[in-house]
Amino acid sequence: HNQVQQRTRELNEEIEDRKRAQAQLEAEIAERERMEVQVEKTHKELLVASRQAGMAEVATSVLHNVGNVLNSVNVSTGLLLEKIKNSKVSNLLRAVTMLREHETDLGNYLSRDAKGSRLPSYLNQVAQHLANEQAEVQSEVMDLSRNVEHIKDIVAMQQSYARVCGV
């Protein structure tokens with residue numbers, strides 16, 4: 001009878017040991033599953049962060065390119081404003097005013113008056129200057145137009161890239 005009790009105790013202890021081992025194993029499995037969920041979550045967060053970093057890098061590059069072109073646009077605009085400010089159009093208007101003041105005796109004014117006799121030559125110089133000025137302004141406006149088109153191309157390329165990447 002003692003042996004049966006002893007054997008029963010041993011078996012009960014073995015059952016308890018196995019229950020503890022099973023509980024420990026279940027706890028380890030649960031911990032591993034929790035860690036797998038955490039690893040998956042961290043992986044997804046890294047993918048999002050990586051994608052955002054890539055988008056930020058592309059945006060920085062686009063802004064840099066647009067900034068460079070806008071700098072050229074700004075320089076061209078400044079040159080155009082300076083040309084317009086210093087234009088000889090006001091001198092032409094003064095010469096026309098002188099001609100109008102002497103409409104009735106224009107022939108006499110142009111041939112005998114000291115100022116009047118210099119007027120045809122002066123008008124020729126102003127006309128040449130205005131023609132040069134017009135060519136320079138036209139060239140600068142063409143540069144401006146090309147730079148604006150370049151900005152549009154950069155933005156369009158970025159929009160196209162964003163659509164392809166699903167941004």
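**Entry: basis of the model.** I note that this is a predicted model, in which local features need pLDDT of at least 70 and side-chain atom pairs count only at pLDDT 80 or more, while totals for chains, interfaces and linings use all residues. Residues are numbered from 1 along each chain as its sequence is written, and side-chain values use heavy atoms, with hydrogens and water left out.

**Entry: confidence.** I read the pLDDT (the predictor's confidence in each residue, from 0 to 100). The protein chain averages 91, and 96% of the residues score at least 70. The mean is lowest in α4, at 88, and highest in helix α3 (residues 106–112), at 94. Where pLDDT is low, the predicted coordinates should not be read in detail.

**Entry: overall form.** I counted four helices and zero strands in the protein chain, in the order α-α-α-α along the sequence. I then looked up the radius of gyration, which is taken over C-alpha atoms; the globule rule is 2.2 Å times the number of residues to the power 0.38. The protein chain has 44 Å, whereas a compact globule of 167 residues would have a value near 15 Å. Along the principal axes, the C-alpha atoms fill a box of roughly 155 × 25 × 20 Å.

Entry: Contact means heavy atoms within 4.5 Å. Of the contacts with a separation of 6 or more, 75% join residues 24 or more positions apart.

**Entry: Asn 147.** Is Asn 147 buried or exposed? I recorded Asn 147 as buried, because its relative accessibility is 17%. Apart from neighbours within four places in sequence, Asn 147 is in contact with Val 69, Ser 72 and Val 73.

**Entry: Gly 107.** I located Gly 107 in helix α3. Its relative accessibility is 52%, so Gly 107 counts as exposed.

Methods. Buried < 20%, exposed > 50% of the residue type's maximum accessible area, 1.4 Å probe, protein only. Helix = DSSP H or I, 4+ residues; strand = E, 2+ residues; numbered from the N terminus.
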